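I opened this notebook to record what I looked up in the structure shown below. The entries follow the order in which I consulted the model.

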Amino acid sequence: MRSWPSSRWMSSPGHTNPNPPGRPLTASLYVHVPFCVLKCAYCDFHSAPISDEPGMADHFAWAVGEGASHWAALGALDDVASIYIGGGTPTTLGPSLVSLVESVQRGARLVSDAEITVETNPDTTDPALAGRLIGSGVTRFSLGVQSFDDAVLRILGRCHTATSARRAVDALLDTGARVSVDLMCGIPGQTLDSWTASVEAALASGVGHVSVYPLTLEEGTPLAIAARVGEFDAPDDDLAADMMQAACELLGAGGLQRYEVASYARPGEESTHNSGYWTGRPYVGIGPSAASMLPAALFEAAIACEAWSDPGVAGVGKTLDSVPPGTSRVRFLRSADTTAFLRKPVGPPEEVEFLTPAQAAAEDAMLGLRLAEGITEELAERAGGTEILGTLEARGLVEHVAGRWRVTETGWLLGNEVFEAVWHAGTRRGLA
Ligand code: SF4
């Protein structure tokens with residue numbers, strides 16, 4: 001593999017570098033572990049039960065380490081603000097997960113207060129493993145609970161109970177790490193009482209971060225099929241909105257403030273990694289189906305690497321020659337083929353999207369509005385969104401305060417409408 005010092009792409013002409021000259025790129029690192037114990041009934045993520053082939057977990061950890069070395073050699077991991085090991089359920093890897101966490105840090109330079117999160121589920125949360133992960137540098141766990149109601153968990157096809165979820169929260173908090181809990185609303189058969197009891201249980205558990213999401217019925221999942229054949233009613237959007245509002249009130253009263261449309265935290269417990277996605281921080285993705293978003297010049301450096309010069313295993317991956325002129329950033333996706341990733345951890349992506357500065361600004365504005373702090377006037381202007389934000393302000397969906405645009409309480413309930421309107425205004429302008 002050829003590699004370049006970081007300065008090669010920092011100063012590449014014609015491309016936007018998000019950092020001041022001479023400073024390394026501040027980036028996040030995401031690792032996708034595509035294994036779970038069982039497939040949940042609503043899930044369309046790239047995940048499957050882990051194979052019982054001997055050495056599989058170690059092999060996967062090795063492959064991720066290879067990916068991290070590749071990006072470190074290109075200078076993409078010189079200033080890492082956060083690492084997120086997600087999936088899937090990374091803890092299905094067992095002790096090999098500790099090697100994985102250690103290997104992604106090798107070659108990377110982490111900022112002094114870097115956040116390292118591991119996603120886990122109640123059924124695979126082992127206190128001894130959690131302790132070893134803390135020893136390897138993990139600072140935060142994100143636990144997929146979804147509900148503290150066993151009847152709702154059964155509908156979702158989750159393979160844990162409310163009791164095992166409580167036990168897992170306690171075990172993770174005992175490590176001293178920060179802990180986040182994911183909850184899901186708008187589930188068929190879930191009542192407002194069941195939902196508020198789950199939110200209260202999350203609050204009572206003592207975690208410092210809660211994410212709440214309405215269920216989306218993804219085409220082809222067992223839950224979507226069951227709804228289509230009339231086994232369940234499809235989720236009721238109005239009830240889901242009431243649930244999101246109830247969560248906002250309960251969590252706020254319990255000291256967890258909303259800092260993003262679906263995320264609540266005690267002060268100082270906001271997710272550094274997720275905040276990066278909402279503020280345009282570049283990210284490197286490693287693993288099957290992992291997405292990356294990098295400045296164009298760094299992507300160009302990767303194209304020139306030997307490891308990217310062939311289409312990869314079994315034709316997986318694109319052959320790429322160059323980045324189109326006028327590209328500001330590039331988003332790209334590895335193939336969702338786990339076997340191909342294990343055979344060739346470093347290779348060309350399967351999907352690539354080249355963004356102009358105008359498209360990148362529209363995306364930053366749309367994502368930034370998800371945050372309670374909103375976006376600056378300068379970004380709104382650059383994204384071509386000032387006029388539409390004025391229209392949304394007249395409808396009471398956004399407000400303009402102290403030089404920033406931000407979503408109002410009413411606007412949160414129609415968040416998707418607000419985000420899409422800003423995105424479309426910006427991209428229309430980008431295409432003009
Ligand atoms: S645990 Fe998460 S990734 Fe795994 S099957 Fe369930 S929803 Fe999908």
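**Entry 1: Confidence**

I first looked up the confidence: the chain has a mean pLDDT of 90, and 92% of its residues reach 70 or more; pLDDT is the predictor's confidence in each residue, from 0 to 100. Over residues 1-21 I found a pLDDT below 50, although this stretch has 45 contacts in the model beyond near neighbours in sequence (contact means heavy atoms within 4.5 Å). Where pLDDT is low, the predicted coordinates should not be read in detail.

I noted that this is a predicted model, in which local features need pLDDT of at least 70 and side-chain atom pairs count only at pLDDT 80 or more, while totals for chains, interfaces and linings use all residues. Residues are numbered from 1 along each chain as its sequence is written, and side-chain values use heavy atoms, with hydrogens and water left out.

**Entry 2: The ligand**

Which residues are around the ligand? I listed C36, L38, K39, C40, Y42, C43, F45, S47, G88, T89, N121 and R158, a residue being near a molecule if one of its heavy atoms lies within 4 Å of it. By class, I recorded six nonpolar, four polar and two charged residues in this shell (Ala, Val, Leu, Ile, Met, Phe, Trp, Tyr, Cys and Pro count as nonpolar, Asp, Glu, Lys and Arg as charged, and the others, Gly among them, as polar).

I placed G88 in the loop between β4 (79-87) and α3; helices (H or I, at least four residues) and strands (E, at least two) are DSSP runs, numbered from the N terminus.

**Entry 3: Helix packing**

I found helix α2 (residues 56-73) and α3 with axes that come within 8 Å and cross at roughly 5 degrees (axes are lines fitted to C-alpha atoms, for helices over the stretch in contact, and angles run from 0 to 180 degrees between N-to-C directions). That makes α2 roughly parallel to α3, the term for angles under 35 degrees. The residues of this contact divide into seven nonpolar, four polar and one charged.

Helix α3 (residues 96-105) also packs with helix α4 (residues 127-135), at an angle of about 15 degrees and with the axes 9 Å apart. I therefore recorded α3 as roughly parallel to α4. In this contact, L97, V98 and V101 of α3 meet L129, R132 and L133 of α4.

Terms used. Parallel < 35°, antiparallel > 145°, perpendicular 65-115°, else oblique.
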